[in-house]
Amino acid sequence: MGAGASASQVREHVEGLGNAYQPYGTTMEDNGVDGALVEELAHDDRAGVNATFDDLGITNKLHRRKLLQAARAQHGVQPDRPRSGSSIGSVEGPAIAVAEDLLADAAAAVAQAAPAVAAATPAVAAATPAVAGGAPAAPPAP
């Protein structure tokens, strides 16, 4: 699929990546994503790529990465280099970016859940000995 590919050819190529990518193929065709736009995307920076995926409603970071890898492979663009300052070591390119994005998402989820966990902890601590058949636990210090 080159820069002259039609939107329907782009859809077919994207759907060929697997069942999980079929909705993206349809979305891309509906939005007129053709080979020229895919070539531009393959050469775009991370912010431009993310903005395009946001516009298309593609939120899954692993799917974004695979779609970008496919676009870059079609147009001979080298993969991302590891982010500077990464402590992951020998892992290169897209894998490090995906891992860092997933870690950031996990940290945000933990931070969001922390207040609910903290609020539930005294009740769980009080109920645990009773469930296990032991003596009630002392209430947590204020």
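This is a predicted model: local features need pLDDT of at least 70, side-chain atom pairs count only at pLDDT 80 or more; totals for chains, interfaces and linings use all residues.
Local features require pLDDT of at least 70 and side-chain atom pairs pLDDT 80 or more, while totals for chains, interfaces and linings use all residues. Residues are numbered from 1 along each chain as its sequence is written, and side-chain values use heavy atoms, without hydrogens and water.

Helix α2 spans residues 22-30; helices are DSSP runs of H or I with at least four residues, numbered from the N terminus. Its buried residues (under 20% relative accessible area, 1.4 Å probe, protein chains only) are Tyr-24, Gly-25 and Met-28. Viewed down the axis of α2, these residues fall within an arc of 105°, so they line one face of the helix; the arc is taken from the directions between the helix axis and the C-beta atoms. They pack against α1 (7-15), α4 (46-56) and α5 (61-74), contact being heavy atoms within 4.5 Å. After α2 comes Gly-32, with a positive phi near 75°.

A salt bridge places a side-chain nitrogen of Lys or Arg within 4 Å of a carboxyl oxygen of Asp or Glu, and three are counted by this rule. Arg-11 pairs with Glu-15 at 3.2 Å, N to O; both belong to helix α1, four residues apart, about one turn of the helix. Arg-11 also meets Glu-29 at 2.6 Å. Glu-29 lies in α2 and Arg-11 in α1, so this pair ties together parts 18 residues apart in sequence.

In another salt bridge, Asp-54 and Arg-64 meet at 2.3 Å. Shared partners join Arg-11, Glu-15 and Glu-29 into one network.

How values were computed: Buried means under 20% relative accessible area, exposed over 50%, partly exposed in between (1.4 Å probe, protein chains only). Helices (H or I, at least four residues) and strands (E, at least two) are DSSP runs, numbered from the N terminus.
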